[in-house]
Amino acid sequence: MSSDIHVNCAMCTGLSQGACAWHHLEIENPAFMICAHFRPVARDEEDSPPVPEGLSELSHDWLYDIDPEGETSPRLQLVRKRRQRVPTGMLNHLPEMPDGHVHLEKHLIGDRISGCLVGLALGEALGFPAEGRSPQDIEMIYGGPLKGLVPRQGRHHTWPLAQIARETQLTQILAHSLIASRGHLDMDDFAERLVRWLPSALKPGKSTLKAVQTLVDGQHWSVSGLDSNGSGGTARVASLALLRREQFGRLRQEAILQCSMTHKGSKALAGTTLFATAIAALSDTPSGGLERPGFLRLLEQAIRGIDYESSARLAELNGLLDSAIPTREVLRRFKTGGYILECLPSALYCFLRWPNEPLRALLTAINAGFDACTTGAMTGALSGAYLGLSGLPNELIEKLPVLDTLKVLANDLTVCSAETSQ
């Protein structure tokens, strides 16, 4: 296994016939297990990384190998017992993913990276006033459907215009970690940044909050994730996807890995993989050149074998895009809550329904309400990755208080992308 990928064996090609080829251990279903030998093998004992705090306090729910000195070591094995559930696919049976093909000139890549990050923030800012509210409540509070950026009105507090929250914050954290690690996914560094972020976190999801609190308590990141199928591990993967535009296979492995730090449910892993693959493919697709059947086939291939219900939802989405069913009815059928099989299909539907009309796609997504921040952020990231910063409504993005910060971050990611692709 390559030392610069930093993926764990239960998620990598080292698995064969349900057994870990690295440790020769039988594993019932790798889709629900985490192995912590993600670090490259040390050349000598002096190079060995220290054992993270918290491993010695693991309960009997966890299995671990013992090194010759009798100590637990994350470089050997740390595998979680599978809970009682119906298996939904084994990661060692996932199909091979093709490498991406470069379609855009280099000077356009920066525009796509900026567009994706800014689009994500814009979608979250547009959705913030509608967060947690039904479409009927949105119309009652604001006098009709939202048509642009407005301050969120609460019972006792009015939030500032263009307020961003968890999705933008987490996306920036992962992006900064990737840049500091010269394009590599360093899970230790990402975990440390999440711990530092927690005191200033704005509206973090319950699973994300619990997982990060586990890190704060000294547990290792390979045991911090919850068996959750929420959306908290999905939108933030956009920055990683922008760096792996030409490596769909590696992107799938790393998208799953970063998600597992907070969310380990099979649907969450499939959703993160789907969203990351979509961002990567769109960021390298010429504007106006999106071929929907081929795009959806790529997404289906990326999640095949991870979670069958997610694959079925993707097939349903494809059928609804070609139907005459009104958009509002489609979103009512999918729903737009924090469950990953609600907000992600809805965001993908809005984007594919109006791929060249980002504002229409965004307003449709956020006016469906409920987890409007996440649905809007995902829709905005997809639109920005496809159209670039120049394709987003300039009169709205200029009002984002984080615009300059995101532009600097996008520039650093562009430089990092050029270095890693050489």
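Modeller: A residue counts as buried when its relative accessible area is under 20%, and as exposed when that area is over 50%. The model here is a predicted one. Take Thr-379, which lies in helix H14, a helix that covers residues 372–387. The relative accessible area of Thr-379 is 0%, so this residue is buried. Within the structure, the side chain of Thr-379 comes to 2.8 Å from the backbone oxygen of Thr-375. Apart from neighbours within four places in sequence, the residues in contact with Thr-379 are Ala-347, Cys-350, Phe-351, Ala-361, Leu-362 and Ala-365.

Now to the cavities. Searching the whole structure gives three cavities of 30 Å³ or more. The volume of the largest cavity is about 110 Å³. This largest cavity is lined by 13 residues, and those closest to its centre are Leu-274, Ser-310, Leu-341, Leu-344 and Pro-345. Two or more lining residues come from each of helix H8 (266–282), helix H10 (308–321) and helix H12 (340–353). Helix H12 contributes the most to this lining, with five residues. By type, the lining of the largest cavity has nine nonpolar residues, two polar ones and two charged ones.

Note on methods. Residues are numbered from 1 along each chain as its sequence is written. This is a predicted model: local features need pLDDT of at least 70, side-chain atom pairs count only at pLDDT 80 or more; totals for chains, interfaces and linings use all residues. Side-chain values use heavy atoms; hydrogens and water are left out. Helices (H or I, at least four residues) and strands (E, at least two) are DSSP runs, numbered from the N terminus. Buried means under 20% relative accessible area, exposed over 50%, partly exposed in between (1.4 Å probe, protein chains only). A polar contact is a pair of N or O atoms within 3.5 Å; within protein, one must be able to donate a hydrogen and the other to accept it, and residues adjacent in sequence count only if both atoms are side-chain atoms. Contact means heavy atoms within 4.5 Å. On a 1 Å grid over the protein atoms alone, a cavity is a set of points where a 1.4 Å probe fits but cannot get out, and a pocket is an open set with protein on both sides within 12 Å along at least five of seven lines; lining residues have an atom within 4 Å of a point. Grid points are joined across faces, edges and corners, and a volume is the space filled by probe spheres set on the points. Ala, Val, Leu, Ile, Met, Phe, Trp, Tyr, Cys and Pro count as nonpolar, Asp, Glu, Lys and Arg as charged, and the others, Gly among them, as polar.
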